[in-house]
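Subject: The structure for you to look at

Hello,

Here is the structure I promised to pass on. Please open it first, and my notes follow below.

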Amino acid sequence: MEKPGPWPPRPQLDALHARYVVEVVEELSLCPFARKCRELGRLHRPIFPAPPSPHEAAQGLAEVVSAHPDAEVVLLTFITRGALPGTPPAPTQAERAFADTELFEEFVREVRDAYAGLPRAPARFYMVAFHPAYTRVDTRRPLTADSLVPLLRRTPDPLIQCIRADLLDQIRRQAQAAAEVRFREEMARLGPEFLILADRAIKADPELSQDIARHNFASVGAGPGREQLEATIADILAQRRALELA
């Protein structure tokens with residue numbers, strides 16, 4: 001049976017997704033460019049009230065970027081009943097597919113391919129899945145920087161985070177340059193012969209995503225930071241669940 005009353009309740013849902021960006025991503029410093037991007041008006045959140053096809057989602061991203069050429073982050077947000085644990089199963093098959101984390105990740109891959117196949121995509125984007133049902137893969141093992149990542153990506157509804165590729169590439173180059181400076185400084189402290197070896201060494205470029213994962217693990221992997229993370233996400237998801245159960 002379809003849920004009575006207007007669905008989705010847009011003002012409340014918009015507020016919850018805004019809370020996630022500000023209170024989780026920004027205030028816990030999970031992303032180095034999130035706050036500046038939002039304050040400059042370069043973050044956009046197109047809402048899909050019903051599950052689209054991969055091509056429709058890709059076309060939606062292209063339309064946002066065409067309308068806002070300076071867009072840096074686009075959050076393709078899919079309002080999905082039944083995706084959050086503790087809510088009834090979605091009334092439609094399409095929503096039930098989006099409620100499944102593995103099927104949603106497959107959908108993200110299809111959107112990525114569809115966007116790459118557009119005849120005139122306005123800009124390149126890196127795409128990552130976020131989902132309210134993400135949990136730890138193996139609770140028997142100690143939490144690590146990698147296993148923390150899905151816990152950070154528990155949003156009120158499934159969404160695809162699309163980050164402009166040239167922005168991320170620029171930040172990656174800056175991170176690589178900073179890492180090289182630190183490496184040379186460490187070698188110089190050991191002596192001039194080590195600095196010579198450093199100049200001759202072929203050093204692998206650091207991965208920005210790994211740097212961010214290590215930073216986030218140090219900040220919210222344990223202790224007060226982890227407690228604040230869990231409390232904030234739990235409150236956001238509880239309010240999202242209440243909207244669906246009302």
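In this predicted model, the axes of helix 1 and helix 10 come within 10 Å and cross at roughly 175 degrees. Axes here are lines fitted to C-alpha atoms, for helices over the stretch in contact, with angles from 0 to 180 degrees between N-to-C directions. Helix 1 and helix 10 are therefore roughly antiparallel, the word for angles over 145 degrees. From helix 1, Gln12, Leu13, Leu16, Arg19, Tyr20, Glu23 and Val24 take part, and they meet Leu229, Thr232, Ile233, Asp235, Ile236, Gln239, Arg240 and Leu243 of helix 10; contact means heavy atoms within 4.5 Å. By type, the residues of this contact are eight nonpolar, three polar and four charged (Ala, Val, Leu, Ile, Met, Phe, Trp, Tyr, Cys and Pro count as nonpolar, Asp, Glu, Lys and Arg as charged, and the others, Gly among them, as polar).

A word on the numbers: residues count from 1 along each chain as its sequence is written. Local features need pLDDT of at least 70 and side-chain atom pairs pLDDT 80 or more, while totals for chains, interfaces and linings use all residues, and side-chain values use heavy atoms, leaving out hydrogens and water.

The largest nonpolar core has 31 residues, and Val24, Leu148, Val220 and Leu229 touch the most other members. Such a core is a set of buried Ala, Val, Leu, Ile, Met, Phe, Trp, Tyr and Cys residues joined through side-chain atoms within 4.5 Å, where buried means under 20% relative accessible area (1.4 Å probe, protein chains only). Helix 1 gives the largest share of this core, six residues. Beyond four places in sequence, Val220 touches Leu28, Leu30, Leu148, Leu152, Gly225, Arg226 and Leu229. A second, separate core of 26 residues includes Val65, Ala71, Val74 and Cys162.

Setting aside neighbours within four places in sequence, Glu26 contacts Val21, Ala34, Arg35 and Arg38.

For the whole protein chain, there are ten helices and five strands (DSSP runs numbered from the N terminus: helices are H or I with at least four residues, strands E with at least two). Buried residues make up 43% of the 246 residues. Among contacts with a separation of 6 or more, 79% join residues 24 or more positions apart.

Best wishes

Terms used
Buried < 20%, exposed > 50% of the residue type's maximum accessible area, 1.4 Å probe, protein only. Parallel < 35°, antiparallel > 145°, perpendicular 65-115°, else oblique.
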